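Student: I would like to go through this model and ask what stands behind each term used for it.

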Amino acid sequence: MSHDEAHASITTVSIDDVRMQPKAKNPVRTERWIAFWLFIGILGVAGFGAAYWVDANPWVIGTSLGIGLSAIGYGLTAWGKYLMPQGPFVEERHQLGSSQEERDAMAAALVERGGSVFKRRKLLGGLLGGGLGIFGVVAIFPLLRSLGPLPGKTLEETNWKRGSKLVYQDGRQVHVGDVAIGGIATVFPKGFERTTEGQAVDQTVIIRIAEGDFVTQPGRETWGPKGYVAYSKLCTHLGCPVGLYEQQLQLLVCPCHQSMFDVKNGGLPQFGPAPRPLPQLALYVDSDGYLRAQGGYHEPVGPGYWERS
Amino acid sequence: MTDTATTRGTSKREKREQAGPYGAVGKVVGELDERLGIAKGRALLDKIFPDHWSFMLGEIALYSFVILLATGVFLTLYYVPSQEEVIYHGVYGPLRGMHVTQAYASTVDLSFSVRGGLLMRQMHHWACNIFIGAMVIHMARVFFTGAFRKPRELNWSIGVTLMTLAILNGFVGYSLPDDLVSGTGLRIGFSILLSVPLVGTYLSFFVFGGNFPGTAVIPRFFIIHVLLLPLVILGMIGAHMGLLAKQQHTQFPGKGRTEKNVVGTPMFPTFIAKATGFFFMTTGVTALLGALVAINPIWIYGPYDASKISYAVQPDWYMGWLDGAARIMPAWEFSSFGHTWPLNIFVPAVLFPGLIFGLCYAWPALERRRHGDNELHNLLDNPRDVPHRTAAGAAVLALLFTVFVASSTDVLANFFHLKLDTVLWAMRFLVIIIPVVVYPLTFKVCQELAELSDAGKRKRAMIVSRTAEGEYVAVEADVHPEDGEHEADALPVPTFIEGLSDDAAKTAAPSNGVRQVDR
Amino acid sequence: MKKRMLIPLGIVALSSIGGTFAISSGSAMADTDPTRAAVIMPTSIKATNPPAVAPSGVKNAGNANSTIRHYKNGQLLAYGNSAIIYRAPASNLVSLGAKLYALNCASCHGVKADGVAADGSSAYPELVGLGPATIDFWISSGRMPAADPVQLQAVRKPAKLDAHQSEAIASWINSLEPTTPYLPQVNVKGADLANGNELFALNCAACHTITGGGDALAHGTIAPSLHPVPANQVVEAIRTGPGNMPVFTGNLTDAQVRDITTYVTTTLQNPATTGGANLGGLGPVGEGLIALALGVGILALIAFWIGDRT
């Protein structure tokens with residue numbers, strides 16, 4: 001605040017001046033109207049206190065509070081709008097800028113006093129600047145680097161290995177006779193079905209389709225025994241679990257942004273923002289009739305990132 | 001002068017005379033002024049605020065932030081920011097026995113076992129939605145009236161930053177309960193960080209403390225949500241208000257209003273009364289919403305599990321535009337030299353918002369360059385008088401709205417019995433066509449409105465009456481206070497009010513309760 | 001070139017760009033014309049329904065964990081366990097079923113319930129070998145008799161035939177070729193709601209949404225709302241996989257199906273309303289609309305009242 005404000009405009013005006021009049025045409029009636037609403041407000045906030053005290057329903061507690069505060073607010077605002085002096089009143093704007101002379105003085109203070117110091121001690125200035133600069137950079141190191149591990153190969157690996165037993169989330173092993181044609185199940189490698197890591201990375205869906213419908217991808221002839229096909233449940237768009245299977249359309253639809261993957265044709269994306277097919281897991285049936293993985297996924301599961309080649 | 005030894009005998013009249021004409025208040029003012037110099041603060045009491053209703057939209061945001069702070073403090077006393085698994089044993093039956101994180105369990109307990117807890121949680125969430133909504137319309141008002149021009153460019157940038165920080169804080173905040181819907185948003189957030197070229201994997205692993213989901217993200221987000229971002233937001237609100245106090249509010253042109261003055265009502269008592277009343281009403285509306293309309297019912301969603309998902313999941317509305325952009329973006333992902341460019345994620349989720357916010361930051365400078373305008377502006381534009389700016393703003397808002405609508409393609413397809421694919425394709429086209437059409441349309445509307453000199457203004461009514469003899473008489477209606485031309489000349493805020501004594505107050509009340517006023 | 005040509009040319013140019021990237025985006029589109037075929041049944045429909053259990057104990061839908069098996073004259077009458085009992089339709093209803101079938105179903109599905117082959121515009125599936133649960137589901141949910149046989153997906157409507165009549169038709173069809181799954185009866189005592197919630201979220205919410213409201217799926221299909229569905233229909237749908245819904249046989253035990261069903265018919269259909277009006281279970285979309293329209297809208301109107309308009 002500038003100095004001249006405190007000394008400015010000590011004025012007097014008459015109470016009957018038009019600018020001091022309430023806006024209301026009938027101030028006494030307006031006052032009664034406002035008083036009524038302030039009284040409702042009192043009832044409301046007191047009601048809130050009472051409702052809270054007796055542990056009433058949340059909606060009772062909240063409604064009484066809401067009505068009480070709204071009524072008090074309305075009363076106060078109406079008082080301000082209809083009964084208090086409305087003016088119009090005016091004030092001059094503060095002069096924001098200073099004169100050219102003052103600006104030159106400021107610039108001079110910086111340049112002449114500051115510049116003279118650094119111009120004469122260039123070595124010191126340089127060393128100081130270097131030190132502060134380097135500190136500024138290295139100060140960021142603990143803020144960033146300590147936050148988490150380097151990604152390394154983590155994104156490329158899952159817990160699926162050669163011989164991993166397929167289990168449901170409740171731990172039961174998947175038998176080859178379990179899923180009927182047109183059925184789907186979410187499976188994990190045994191031991192990882194209840195871990196957050198397993199759920200996040202290893203999640204896989206198995207779908208059983210009629211063996212005649214299957215379009216065999218080159219190199220994947222043995223991957224789908226008895227009509228079972230296994231895909232990573234992580235959408236290749238943004239990583240949502242692709243749980244939505246439509247058995248007649250034979251499409252896996254991602255619920256998040258509606259990418260559609262063709263189940264019988266290698267998980268190829270048919271529509272939507274997903275760019276790559278769902279990685280497929282090679283399965284085999286072991287001697288007891290249970291399903292197992294032939295190995296891990298052949299590519300990183302989930303969305304794309306820079307290092308993914 | 002009364003002897004100190006006989007103070008007990010001082011009469012009330014003598015004490016009153018000692019205190020001076022302003023009694024106890026005068027004494028307090030004197031004591032404080034000797035120590036702090038507060039008498040100079042009269043300028044604050046006299047401060048003039050222009051009265052236009054659209055200047056109050058920013059206040060909605062400010063009051064909502066206060067409500068967020070107050071309800072938020074309550075919530076922090078009960079919420080446990082931990083991803084450790086526990087078995088839920090609380091009051092809500094259908095969840096009993098389930099393995100959930102402590103964050104989720106504490107939020108459910110807060111909703112059902114803590115008295116007033118559900119009300120506070122719902123008020124907090126509603127206040128956040130209102131906060132950002134009010135910021136949007138406040139920003140639109142500032143933009144369309146040109147209040148961002150010199151000398152207020154810095155305040156505009158602070159405002160845009162406040163918007164970004166509020167959106168971020170909202171996202172971080174609603175992810176804290178670790179429920180199925182918000183957890184899905186976290187997974188998407190992780191993937192968006194992954195998609196940044198060069199540093200994406202490092203960024204995501206650093207923020208989440210490892211691969212998704214890890215155990216660090218909820219505690220980290222908690223501290224970001226309750227301490228780090230609110231501190232920055234508070235500081236920026238302080239700067240925003242401080243700049244407003246220093247540079248004073250803009251005003252619309254009108255009678256007696258110039259570039260060098262401010263016309264309106266004084267801070268004390270009128271503005272404070274109206275502003276405080278408005279604050280109470282904002283809190284009242286938020287409380288009514290929090291009481292009567294359910295929001296974020298996490299007990300229905302269940303806890304987050306990375307292998308589970310619900311259909312028809314969207315982020316909160318202020319993130320919805322990013323979700324819509326992600327849905328309609330074609331599947332463009334390129335590989336070159338052993339590296340992947342996930343443009344299908346990077347473009348809608350990082351580049352697009354970056355461009356929008358960058359445009360906002362750059363706009364004052366762009367306009368200054370285009371008009372070669374280096375003047376100070378304290379008078380606002382009528383949007384119809386600046387058709388290029390208004391049309392550009394309308395086009396961008398239309399684009400953002402279309403992209404926002406695109407985030408509910410499945411809901412629209414279901415509601416209107418259309419194919420999902422049809423709705424998605426329609427959105428892809430609309431997102432280009434709508435802004436291109438809105439711009440010239442708005443431009444034309446502005447031009448036509450500007451040509452009508454009295455569009456939107458009240459007109460004096462003619463009252464036609466018929467006498468008993470059958471003669472018609474036409475008389476102009478009374479002047480209405482909204483007729484700006486008939487307003488009195490503005491005065492500086494008076495310090496002393498003449499005629500305001502007890503006797504005057506008594507005699508001024510006539511018997512019929514109606515005060516006669518000359519206008 | 002005149003300045004006023006700029007705008008229309010701009011629209012044309014941008015639409016062309018939009019059209020180009022629309023056509024060139026993503027991989028090839030699958031054949032999606034919905035008007036071409038009505039309900040597309042996989043050619044190997046019979047194989048979806050495992051054969052009836054012979055005493056030699058071949059594994060069967062719902063039978064993987066069946067501890068109860070009732071036989072009469074070599075026919076399986078009922079199977080199941082303490083969670084769900086599946087019983088065969090009453091055999092004395094066969095003649096009634098034959099009459100009802102002839103009146104209501106034969107015109108589309110053939111007099112011998114062996115269906116009409118897909119001929120490009122209509123496909124009325126064979127009903128023999130589908131199992132009584134399938135027949136009962138489609139009839140008791142009102143989907144059959146279909147109002148419009150050519151539409152892509154039959155929707156729930158008030159049932160034309162009641163439960164007794166539905167069982168009769170199922171009984172007649174079952175008499176042509178006895179097949180499971182049979183008509184389920186759920187025992188809700190001992191249901192684990194938390195487990196039901198978890199399984200629902202894992203297997204069902206991806207289509208039906210976590211609030212059970214249903215939504216539009218790919219290519220004009222929809223996942224229907226679960227709010228009007230009674231318990232036995234939930235089990236029938238899970239065990240038979242109607243239409244595009246996947247079928248859950250050995251991958252869900254009867255106890256798990258019972259948990260899901262009880263969760264759906266209690267918690268899902270009657271959500272706790274402590275927080276106030278629930279906005280149709282639409283989630284953040286509905287909440288945002290209300291916040292903007294009611295919250296910000298009302299407050300902006302209040303501001304309009306408080307302030308000046310000049």
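Tutor: Start with chain B, which has 18 helices and nine strands. Keep in mind that this is a predicted model.

Student: What makes a stretch of chain B count as one of the helices or strands?

Tutor: A helix is a DSSP run of H or I with at least four residues, and a strand is a run of E with at least two. By that rule chain B comes to 18 helices and nine strands.

Student: How do you know how the radius of gyration of chain B stands against a compact globule of 519 residues?

Tutor: The globule rule is 2.2 Å times the number of residues to the power 0.38. For 519 residues a compact globule would have a radius near 24 Å, whereas chain B has 30 Å. Along the principal axes, the C-alpha atoms of chain B fill a box of roughly 90 × 75 × 55 Å.

Student: What makes a residue of chain B buried, and what percentage of the residues are buried?

Tutor: A residue is buried if 20 or more other C-beta atoms lie within 10 Å of its own. In chain B, 45% of the 519 residues are buried. As for contacts in chain B with a separation of 6 or more, 72% are between residues 24 or more positions apart.

Student: Which residues of chains A and B are said to be in the contact, and how many are there?

Tutor: Two residues are in contact if their C-beta atoms lie within 7 Å. The contact takes 90 residues from chain A and 108 from chain B. On the side of chain A that touches chain B, α3(A) gives the most, with 17 residues. By class, that side of chain A has 47 nonpolar, 30 polar and 13 charged residues.

Student: Why are β2(A) and β4(B) called paired?

Tutor: Two strands pair if DSSP finds at least two bridges between them. β2(A) and β4(B), residues 261-266 of chain B, have four bridges, so they count as paired, in the antiparallel sense. In β4(B), B:Val263 is the bridge partner of A:Val90.

Student: Where do the domains of chain A lie?

Tutor: The domain assignment gives domain 1 (3-83), domain 2 (100-145) and domain 3 (156-293). Taken over C-alpha atoms, the centres of domain 2 and domain 3 of chain A are separated by 61 Å.

Student: How many residues do chains C and A put into their contact?

Tutor: Chain C gives 32 residues and chain A gives 35. The side of chain C that touches chain A has 17 nonpolar, 14 polar and one charged residues.

Notes
Residues are numbered from 1 along each chain as its sequence is written. Chains are lettered from A and ligands numbered from 1 in the order in which they are written. This is a predicted model: local features need pLDDT of at least 70, side-chain atom pairs count only at pLDDT 80 or more; totals for chains, interfaces and linings use all residues. Ala, Val, Leu, Ile, Met, Phe, Trp, Tyr, Cys and Pro count as nonpolar, Asp, Glu, Lys and Arg as charged, and the others, Gly among them, as polar. Domain bounds come from an automatic or database domain assignment. A residue is buried if 20 or more other C-beta atoms lie within 10 Å of its own, exposed if 12 or fewer, and partly exposed in between; C-beta atoms are placed from the backbone.
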